[in-house]
Amino acid sequence: MKGSSMNTHMGNIVINNEVIAQYAGSVAVECFGIVGMAGVSMKDGMSKLLKKDNLTRGINVSLNNNKLTLDFHVIVAYGVSIIAVSDNLISSVKYKVEEFTGIHIEKINIFVEGVRVID
């Protein structure tokens, strides 16, 4: 099991990286301007919009020196400011994931993989 661990006075707590990715993905898709997470195919370099049950494929979680690094591959809505959407995503995810896990986030990387027109 690949996970993030922390020691407390009561014992050791291990949080699976999948759990952190699932929670971060659910927070991300609630942010204004985010259409969804993108799954990037290494074979052909194409990205596709992931369904709600596959959100974790668009997020990479790594732990280094008890600090999290999150990589998001997202698709944004057409006509919105990518900088504003990114700032909103970073602040929302940082606050909520740190509150949820108790682990400090060192860095959040956002890779905009596409733009979609929302009907």
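Modeller: Start with the cut-offs for exposure. Buried means under 20% relative accessible area, exposed means over 50%, and partly exposed lies in between. Keep in mind that this is a predicted model.

Biologist: Why is Tyr23 called partly exposed?

Modeller: Tyr23 has 25% relative accessibility.

Biologist: What makes Tyr23 and Phe100 a stacked pair?

Modeller: Their rings are 4.0 Å centre to centre, with 15° between the planes. Rings pair if their centres lie within 6.5 Å, and planes under 30 degrees apart count as stacked, so the label holds. The count comes to one aromatic pair. This pair links distant parts of the chain: Tyr23 is in helix α1 and Phe100 in helix α2, 77 residues apart.

Biologist: And why does Phe100 count as partly exposed?

Modeller: Phe100 has 44% relative accessibility. The exposed label needs over 50%, so Phe100 stays partly exposed.

Biologist: Why is Tyr78 called exposed?

Modeller: Its value is 62%. The cut-off is over 50%, so Tyr78 counts as exposed. Tyr78 sits in the loop between β6 (67-77) and α2. With Val115 and Val117, Tyr78 forms a nonpolar surface patch of about 360 Å² of accessible area together.

Biologist: Ser92 is in helix α2 (residues 82-101). How do you know that Ser92 is buried?

Modeller: Ser92 has 18% relative accessibility. Buried means under 20%, so Ser92 counts as buried. Leaving out residues up to four places away in sequence, Ser92 touches Val27 and Cys31.

Biologist: Why is Thr69 called buried?

Modeller: The value for Thr69 is 14%. The limit is under 20%, so Thr69 counts as buried. Thr69 belongs to strand β6. Beyond its neighbours within four places in sequence, Thr69 has contacts that include Asn60, Val61 and Glu106.

Biologist: Which residues have the most contacts inside the largest nonpolar core?

Modeller: Leu70, Phe72, Leu89 and Val93, in a core of 24 residues. Elements giving two or more residues include α1 (17-29), β3 (34-40) and β7 (104-116). α1 gives the most, with six residues.

Biologist: What does Leu70 touch?

Modeller: Among its contacts, beyond four places in sequence, are Ile20, Ala24, Val93 and Ile108.

Definitions and conventions: Residues numbered from 1 in each chain as written. Predicted model: local features only at pLDDT ≥ 70, side-chain atom pairs only at ≥ 80, totals over all residues. Heavy atoms only, no water. Helix = DSSP H or I, 4+ residues; strand = E, 2+ residues; numbered from the N terminus. Buried < 20%, exposed > 50% of the residue type's maximum accessible area, 1.4 Å probe, protein only. Contact = heavy atoms within 4.5 Å. Patch = residues over 30% accessible without salt bridge, like charges linked within 9 Å, V, L, I, M, F, W, Y side chains within 5 Å. Areas by Shrake-Rupley, 256 points an atom, 1.4 Å probe, with all protein chains shown as cover. Salt bridge = Lys/Arg side-chain N within 4 Å of Asp/Glu carboxyl O. Core = buried A, V, L, I, M, F, W, Y, C linked by side-chain atoms within 4.5 Å. Phe/Tyr/Trp six-rings, centres within 6.5 Å; stacked < 30°, edge-to-face > 60°.
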